[in-house]
Amino acid sequence: MTIFEDVCVVSFNPPSVSESCDVACAGKGEPGEGTIVEVGKRLAAKYPGARRVAGAYLSPGLVCGHTHLYSALARGLLVAIEPSKDFAQQLKNLWWRLDRAIDLPILEWSAMAGLADAAMCGVTSIVDHHASPEAIDGSLSVLKSAYEQIGVRGLVCYETTDRNGPEGAQAGIAENLRFAREVDNERASGREPLVDGMIGAHAGFTIGDATLAALADAVGSTGRGIHIHLAEDKYDAVDSRHRFGSDLAARLDAAGCLTPRSVIGHGVWLSPSEIELMNERGVYLAHNARSNMNNSVGYNSLLHRHAKVVLGTDGMCADMLEEFKFAVFRHRESQGPWWPGEFLACLDRGNRLMEDYLGGTFGRVERGARADLVLWDYEPPTPFVGENVAGHLAFGLSARSVRSVMVNGNFIVEERKPAFDLARIGARAREETRRLWKRMEER
Ligand SMILES: [Zn+2]
């Protein structure tokens, strides 16, 4: 048992900052394992023997709604990459050479490095979208093992695509199905998984109708939602109307792939009628402001029309507070109607995605909720109250204030020290990076 003593609880939705209180959490093997067992006053007397952690600000853990852990070893990439004139060329010249060069050991250390980074930034859940066309089978289990070693929760899927022929597409679908069964078996044996699976697909323009039908079957048979990039670049939207005679979202819906557990990445070029359709079906939109800026794909000026926006990093550095700031400031620059408060609701909404897949209550500091928490060292220079939580996040609070991070009642970072070997992960990641970059030169 851990008791956070004299903490002010920071809630994101609705935003609030509480009076000083105690929060008791059950760790591994304790009654109520992985949950907050009580919020109140002077709890130490009630739970003798509990570990006592002195106060500061305590908030729910942060959720990343869309990323690519396979890109963690692309940081500072020193490989000769032909200059690209557009997004499709950028995929071909850079990202599709990178993903083909990934083998399972490279994936393992890429994921370990990316997850460790995220944990240090107070991120407790991560939704990953994975591709490694030359090492598909078993790749999602490699990812899952990395999540478990770092102690972060999340969802994974394999980016099914037709760009490596029908066999490549079938292997992608098979990996999503295999992994869903693995998680179902884990549940059937009475264990609670830290990681669940979605049905992954790369993007509208790399998925033909036969593969889309097979993905829809996988959605139906596993009960999971699809996770796909749509309209990240205008090219995807144009291609869908040109080749398939249909808007992207309508095409997915006609196949039966728009369900309330689905995540659509980017959606920069979706039309108002497609957004309406997504809202009717209850589909999540993962907004990745920094990545869209970096890829020059344009700004999602209809973002505010989406009902279920979550924030993702799309493989950029894992810091979700930084991502939140980018989302806010890029939107302000475009003179959109949202303010930091709306983006705070988006940051919080990643928790609903966790609830949809993993069950229980996420993102709340209350009795019975999941004990996924961040303890912050923060000395606000101005009053920190419910009305300005979003303002403090946009203009002040940053990952440098993360003191301790708890997932499922267990510390993965405590007093700024990770429970994993950060130096070893860095060393192994750099070794695998050398191999990855060399393999990229060969492709
Ligand atoms: Zn992405």
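User: How should I read the domains here?

Analyst: Domain bounds come from an automatic or database domain assignment. In this protein, that assignment gives domain 1 as 2-61 + 360-418 and domain 2 as 62-358. Their C-alpha centres lie 29 Å apart. Please note that this is a predicted model: local features need pLDDT of at least 70, side-chain atom pairs count only at pLDDT 80 or more, and totals for chains, interfaces and linings use all residues. Residues are numbered from 1 along each chain as its sequence is written.

User: How many residues does each domain give to the contact?

Analyst: Two residues are in contact if their C-beta atoms, placed from the backbone, lie within 7 Å. Here domain 1 contributes 26 residues and domain 2 contributes 29 residues.

User: Which elements give two or more residues to the side of domain 1 that touches domain 2?

Analyst: Helices (H or I, at least four residues) and strands (E, at least two) are DSSP runs, numbered from the N terminus. On that side they are α12 (389-395), β16 (402-407) and β17 (410-414). The largest share, 5 residues, comes from α12. The protein comes to 13 helices and 18 strands.

User: What share of the residues is buried?

Analyst: A residue is buried if 20 or more other C-beta atoms lie within 10 Å of its own, with C-beta atoms placed from the backbone. Buried residues make up 53% of the 443 residues in the protein.

User: And what about contacts along the chain?

Analyst: Among contacts with a separation of 6 or more, 76% join residues 24 or more positions apart. The C-alpha trace spans about 65 × 45 × 45 Å along its principal axes.

Terms used
A residue is buried if 20 or more other C-beta atoms lie within 10 Å of its own, exposed if 12 or fewer, and partly exposed in between; C-beta atoms are placed from the backbone.
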